[in-house]
Each structure stands twice: as structure tokens, then as C-alpha cells.
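Please look through the sequence and the model below with an eye to how the side chains pack against one another.

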Amino acid sequence: MRETIHAGAMKRRQTRQVRVGNVLVGSDGPVVVQSMTNTDTADPIATAIQVAELARAGSEMVRITVNNEDAARAVPDIQAQLDRMGVSVPLVGDFHYNGHRLLNAVPECAQILAKLRINPGNVGAGAKRDTQFAEIVEIACKYDKPVRIGVNWGSLDQSVMARVMDENARRVEPLDAGAVMREALVTSALESAQLAEKVGLPGDRIILSAKVSSVQDLIAVYRDMARRCDYPLHLGLTEAGMGSKGIVASTAALSVLLQEGIGDTIRISLTPEPGGARTQEVVVAQEILQTMGLRAFTPMVTACPGCGRTTSTFFQELASKIQSHVRDQMPVWREQYDGVENMTLAVMGCVVNGPGESKHADIGISLPGTGETPAAPVFVDGEKSVTLRGDNIAAEFQAIVDNYVATRYTKKAG
């Protein structure tokens, strides 16, 4: 196992540290992966099953919608079902409009949730806004729960927006409309945090977010917020979109901020493909963090894109099989071995870069390209180990990977 050195990643921004269940957020802790269910929370079985799927995929917190009394009363049943399934993951309750009423009516919901998420633009209008916001914060204080104050551009507190616009109009050199919007987002988040502390919530129980759907606006908002406070920050586009668009937009925005040391938790808000797995958002979040060298979750497979030298699709099929195999095995490997998530693999399609890339990985295979000798050398820790031939290359290579894990990584006690 050769040490992988990740150069260039900047030092993390120093923040307060917030405990959410058994997870520490902020300070020097790792960037935490979050996700959110899309089931009807009032259906505790369906919701618990999806929470379990997300947790097993690697989500370290899972947010659920609590939008009515049926959903609030289902939270204890969801937690009980997760306990029966042997799944331990902090549940975060997402509240809009009626959170103050629900938490007062169903105190057991507040007791069980590991964190409350409040959108200050959706807690009430006018005089009711601060009162209803304070009610939720008081409940959080009563049960010692952290709160994420999550501002969204689509539901921004209009009184804050109007005030920022008025202040801008009095400037000698007024800001443009985009800058005014960004200032209103940051102002709403920071003023809400100040109000929460005034009500009695300790500063080390607060996480902030200010989400938009534009990549450049998100980067600008979080740079400004990071400069003006030391609360941990949750990153993510409000709505990333579907498929490659959502993945690219999320990666573009979050990678810039993470590289600058900004961000303590992340969520990739992908629109699932019809029939697609909700867990994709977890996989994308993990891959962003891992490819940036910030965390390791599962062995990564390097594979060449293919060219005229690789007219066979075999190397593509093998790369896909190996990537699926290691991801499927990780829940077992993680329990049995220390450090296996750092393993690197290479599946290469021809002699041009194949041997070189394979030597740089812990395990690599260089498959024959068009017209090359039908042999596939395998490299282990930079040294040629064996040459595979015939129809069983895929199974034999997979066996080499499994054997490497079993013999090179320290088995956990117990």
C-alpha cells in the first residue's frame, strides 16, 4: 500500500464545533455528507427503509420532511424501525410554516430528532415571524438540539429583502441586483443566528446555510458568509437538477468552496432520474470529497476513456464491474479492515498508458488494445505480479483485489 499525497488542498476554515447526534460538524472535523428522503414521512416504514438505504450508502445524516402532524407523529416509529434494522444515523427534521405548532403538539418528535432545520423565510410573516422562530429555538434549547438555519433564495424573508434594497438605494454607488440579493441572503442567515442566540441557543448549536441554484451566486454568498461568521456552514445548491447537469453544477460550485476551506457539511440536491436510486446524491457527494483528496470512502477506480486503440469494450465492462464490486463490498470491508477505503485501482485499455497508470495504483491491470498481444499484466504495489489470459480475466482480477484487501489491510479487533 503506497501513501497517496493530496497536494494543494487548502486548510479548512476554523469554525465552532457542533455535535449532531454522534457526528461532529465543524472545526477540524471531516466534511460531513448529508442527504434527504423523498418519501411521505407519515409512512414510517417507507421512510425508514429509504433512510437506511441512504445511511448504508454513506450518508452521515439524513433529513426528513416534517410538514404535518401525521409526519411528526411518525418520527418515533421511524426511529424505532431504524433501531430494529440496526441503522444508526442522525435524523434531521425539516420544518417550514408550521414547525412551531408541530414541535409543541408532538414533543416526542423534537426529542428524537438529532437536529432541527428552520427556514427563516418560512416561519411566519410580519410580527409572527420572530415569535414563531423563537418558539422553535426554545424547543431546541429545551431538548438540547442543534439547529440549522437554512436560508433559500426561493423563500427569502421579504422583509429582509426590502430592507436591504432600501439600504442599497441610499448608497452613493448602489450595488447591482445580484449583489443585493446575495447580501439579503447573508443578512437573513446572520441575523437569524443572532436572534437564535438571543433567545438562548448557544452559538455552538448553530449551523448556517444560504442556498441558491446558481453556481456563481452560491460561491459568492458562501465566501461572504465565511468571512462574516464562524458558524459551521452547510453547502449545496438549492436545486442542482437532473443527471449530468446536476452533478456538474454541484461539483463546480462545491469544489471551489471546499478548495478554499469553506464548508462543513454538504448535500447534492439531485433530481432523481425516473426510477433512479435516491442514493445517487450520496455517491456524488462522496466522490467530490474523495477526488479532491478531502476524505476517502471507497476504493477509487481509474479507467482510461478509450480510443481507436481500444475497440473492444471489455476494459469498460471490467472497470464497471470492479467499481460496482468494491462499492458493494465496502459495507463489509469497512467493518473488517482499517484503511481499505484508501485503496486505488486502475483498469486500463491498452499499452500506451496502461502499464504506467497500473503501477501508480495499488492494483492495476493493463488490458490488450486492438492488435496487441492477448495478455493482461497485473501490477500490485507498483510491481508486475501476474499476467492474465483467457476468458476468466474479470473473475481472476476480482479475486486478486479481494485477496489484496484480506492480506494487506489490518483486520479490526473483534
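**Cysteines, cores and rings**

If a disulfide is taken as a pair of cysteine sulfur atoms within 2.5 Å, the count for this structure comes to zero. Cys 109 takes part in no disulfide, the nearest cysteine sulfur being that of Cys 141, 17 Å away. Cys 229 is likewise in no disulfide, and its nearest cysteine sulfur, again that of Cys 141, is 19 Å away. This is a predicted model, in which local features need pLDDT of at least 70 and side-chain atom pairs count only at pLDDT 80 or more, while totals for chains, interfaces and linings use all residues. Residues are numbered from 1 along each chain as its sequence is written, and side-chain values use heavy atoms, with hydrogens and water left out.

Cys 109 counts as buried because its relative accessibility is 0%, where buried means under 20% relative accessible area, exposed over 50% and partly exposed in between, for a 1.4 Å probe and protein chains only. Cys 229, at 13% relative accessibility, counts as buried too.

Where does Cys 109 belong in the packing? Cys 109 is among the residues with the most contacts inside the largest nonpolar core, together with Leu 208, Tyr 222, Met 225 and Leu 258, and this core has 84 residues. A nonpolar core is here a set of buried Ala, Val, Leu, Ile, Met, Phe, Trp, Tyr and Cys residues joined through side-chain atoms within 4.5 Å. Helix 7 (residues 177-199) gives the most to this core, with 10 residues; helices (H or I, at least four residues) and strands (E, at least two) are DSSP runs, numbered from the N terminus. In soluble globular proteins, nonpolar side chains tend to be buried together.

When residues up to four places away in sequence are not counted, Cys 109 touches Val 66, Ala 72, Val 75, Phe 95 and Leu 103, contact meaning heavy atoms within 4.5 Å. With the same exclusion, Gln 132 touches Tyr 97, His 100, Val 123 and Gly 124. Gln 132 has its place in helix 5 (residues 127-142) and is buried, with a relative accessible area of 13%.

A search of the whole structure finds one aromatic pair, for which ring centres of Phe, Tyr and Trp (its six-membered ring) must lie within 6.5 Å, with planes under 30 degrees apart counted as stacked, over 60 as edge-to-face and the rest as tilted. Tyr 404 and Tyr 409 form this edge-to-face pair, at 6.1 Å centre to centre and 70° between the planes.
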